[in-house]
Amino acid sequence: MKIKILGSGCPNCKVLEANTKQAVEELKIKANVEKVTDITKIMEYGIMSTPALVIDEKVVSYGRVLTSEEIKKFLK
Amino acid sequence: MDIFYPIQISVNWLVYTLFNLKGSIFGEALNFFIYDSIKIFILLAVIIFAVSYIRTYLAPEKVKKILSKRFEIFGNMTASTIGIFTPFCSCSAVPLFIGFVESGVPLGVTFSYLIAAPLINEVAAALLWGLFGWEIALLYIASGWIISVVAGFILGKMHLEKYVEDYVYNIKVKQNLKLEKKTKKQRAKEAYGEVKSIIKRVFPYVLIGIAIGAFIHGYAPENLLTNIAGKGHWLAVPIAVLIGVPLYSNAAGVIPIVSSLIEKGLPLGTALAFMMAVVALSLPEIIILRKVLKPKLLIIYVTIVTAGIIFTGYLFNFLI
C-alpha cells in the first residue's frame, strides 16, 4: 500500500503525517508513507485545501486533519 | 433591548457591589474589561460557528467550479461574497491561486476572492460588533466587499496574465476529485471544531487587547489623539495603513485597542483603514504569493489593495 501526505509543510500536515504513521503501525500493515511537498505535484491531484491523504493514488480526504482512528477506516 | 444588558447588570454588581469599586477609575476599567471580554467571547463563538457552518458548503474545490462559470463584474461579486465566508491562511494561498487559474477562473475574479478572504474576517467582524455595534461591523463587511470587487475588477481589466509565474499554466490536474458529501451533523461538528480552535488561538490576544483597551479607557486623557491624528491630519490614514500591514498575527488584539483609541479622538475612518490593513495585507502572505506572481504583479496587487483601504478610510472620515 502506498500512502501519500500532500501538504506544503504547514503544521497541520505534520500532524496528519504523524497520525497516519500511528494508524499504520497500530494496524500492523505494510505501507509506505511518503510526504509530498512539491506544489506542482500536489496540484496534480486536483485538491486546493491541504493537507490531503492519498492512498494508492486516490485522494481519500483533503483540507482536514484526520485522527488516526479515521485514517484506519480508509486503510482497512 | 440590548441582549447583553443582563451581563452588564451582573458585572456591575460584581465590580461595584461585591468588590466595592464604585466611583474609582480602576473599578471603571475593570468593569469595562470583564463586560467586554464576556460579550466578545459570546459573539466570537456564535459568529464563528455560523460562518464555519456556511463554509462547509463552500469547499475551495467547489468554489472554483462556481467561479469558472462566471465572468467580469458578476464573477468579482460572487468571488467577494464567497470570500466573506472563507478564511485565509497564507499556507493555502498558493494552492488556491493555482487551482483557480488552472480551472479557468479569470485572474481578476481570482484576485477578488484572494482579497476578500483575508480582508473580511469573522473574528474582526465579531470584535467590531461587540465593541462598536452591528452597524459598524456591517459597514466593515460592506466596504471590504466593495474593495475586493473593485480591486479584482481593475486587476482583471489590466490583463496581467503574463505576470503570473509560467509554471502555473503548465500544471494539469490528473484526476477529477469527488466532492465530499456531508451530513448536517458532520457540518455542525466541523463548525464546532472551528470555534474551539479559533478561540483557543485568539483568546490571549483578545484578552491582552481588551486589557490594554480598558486601561486606555480608564486612564488615557480624553483628547489624546485628536491633536496628532484627528480629521485635520490628512496623512494619518496612509500612516495608519502602513503601521497596520506588519501587525497581521495580532488582528484579534489590535481591534479592542483601536476601539478605545476612537474614544480618545481617533477618527473612525482612520481606525477602520488601520484595522483593514492589519487583516488584509500581511508580510507572510505577500512572500508566499511571490511563488505564483511575478514581482510586477505582486506590487500592483499590493498597491491596489492598499489604495482601496486608504480610500475607504478617507471616505468614512468624510462621511461620519
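This is a predicted model: local features need pLDDT of at least 70, side-chain atom pairs count only at pLDDT 80 or more; totals for chains, interfaces and linings use all residues.
Trainee: What makes the phi of A:Glu57 worth a remark?
Mentor: Its phi is near 65°, a positive value in a residue other than glycine. Most residues other than glycine have a negative phi. A:Glu57 is in the loop between β3 and β4 of chain A.

Trainee: How do you know that β3(A) and β4(A) pair?
Mentor: Four bridges join β3(A) (residues 52–55) to β4(A) (residues 58–62), and the two run antiparallel. Strands here are DSSP runs of E, at least two residues, and helices are runs of H or I, at least four, numbered from the N terminus. Two strands pair if DSSP finds at least two bridges between them, so the four bridges of β3(A) and β4(A) meet the cut-off. Among the partners, A:Ile55 goes with A:Lys58, and A:Leu53 with A:Ser61. These strands form a hairpin with two residues between them, and A:Asp56 in the turn has a positive phi of about 45°.

Trainee: How do you know that β3(A) also pairs with β1(A)?
Mentor: Again by bridges: four join β1(A) (residues 2–6) to β3(A), antiparallel.

Trainee: What makes the bond between A:Thr50 and A:Pro51 a cis peptide bond?
Mentor: Omega is about -5° there. Most peptide bonds are trans. A:Pro51 sits in the loop between α2 (39–43) and β3 of chain A.

Trainee: Over to chain B: why is B:Leu21 called partly exposed?
Mentor: B:Leu21 has 17 other C-beta atoms within 10 Å, which puts it in the middle class, partly exposed. B:Leu21 is in the loop between α1 (5–18) and α2 of chain B.

Trainee: What does B:Leu21 touch beyond four places in sequence?
Mentor: The list is B:Val15, B:Tyr16, B:Phe26, B:Gly27 and B:Leu30. Contact means that the C-beta atoms, placed from the backbone, lie within 7 Å.

Trainee: Why is α6(B) said to be largely enclosed?
Mentor: 13 of its 13 residues are buried, so the rest of the structure largely encloses it.

Trainee: How do you know that the length of α6(B) agrees with expectation?
Mentor: The expected span is 1.5 Å times one less than the number of residues. For the 13 residues of α6(B) (107–119) that gives 18 Å, and the end C-alpha atoms are 18 Å apart, so the two agree.

Trainee: What makes α7(B) mostly covered?
Mentor: Ten of the eleven residues of α7(B) (122–132) are buried, including B:Ala124, B:Leu128 and B:Trp129. Their cover includes α2, α8, α10, α13 and α14 of chain B. Just after α7(B), B:Gly133 has a positive phi of about 100°.

Trainee: Which residues have the most contacts inside the largest nonpolar core?
Mentor: B:Ala124, B:Leu128, B:Ile255, B:Ala273 and B:Met275, in a core of 107 residues. Such a core is a set of buried Ala, Val, Leu, Ile, Met, Phe, Trp, Tyr and Cys residues joined through C-beta atoms within 7 Å. Outside four places in sequence, B:Ala273 contacts B:Val237, B:Ala240 and B:Ile309, among others.

Trainee: Why is B:His159 exposed?
Mentor: B:His159 has 10 other C-beta atoms within 10 Å, so it falls in the exposed class. Its phi is near 50°, positive in a residue other than glycine, and its place is the loop between α8 and α9 of chain B.

Trainee: How many residues of each chain are in contact across the two?
Mentor: 20 residues of chain B are in contact with 15 of chain A. On the chain B side, α5(B) gives the largest share, six residues.

Trainee: How confident is the predictor in chain B?
Mentor: Its pLDDT, the predictor's confidence in each residue from 0 to 100, averages 86, and 97% of the residues score at least 70. The model scores ipTM 0.74 and pTM 0.83.

How values were computed: Residues are numbered from 1 along each chain as its sequence is written. Chains are lettered from A and ligands numbered from 1 in the order in which they are written. A residue is buried if 20 or more other C-beta atoms lie within 10 Å of its own, exposed if 12 or fewer, and partly exposed in between; C-beta atoms are placed from the backbone.
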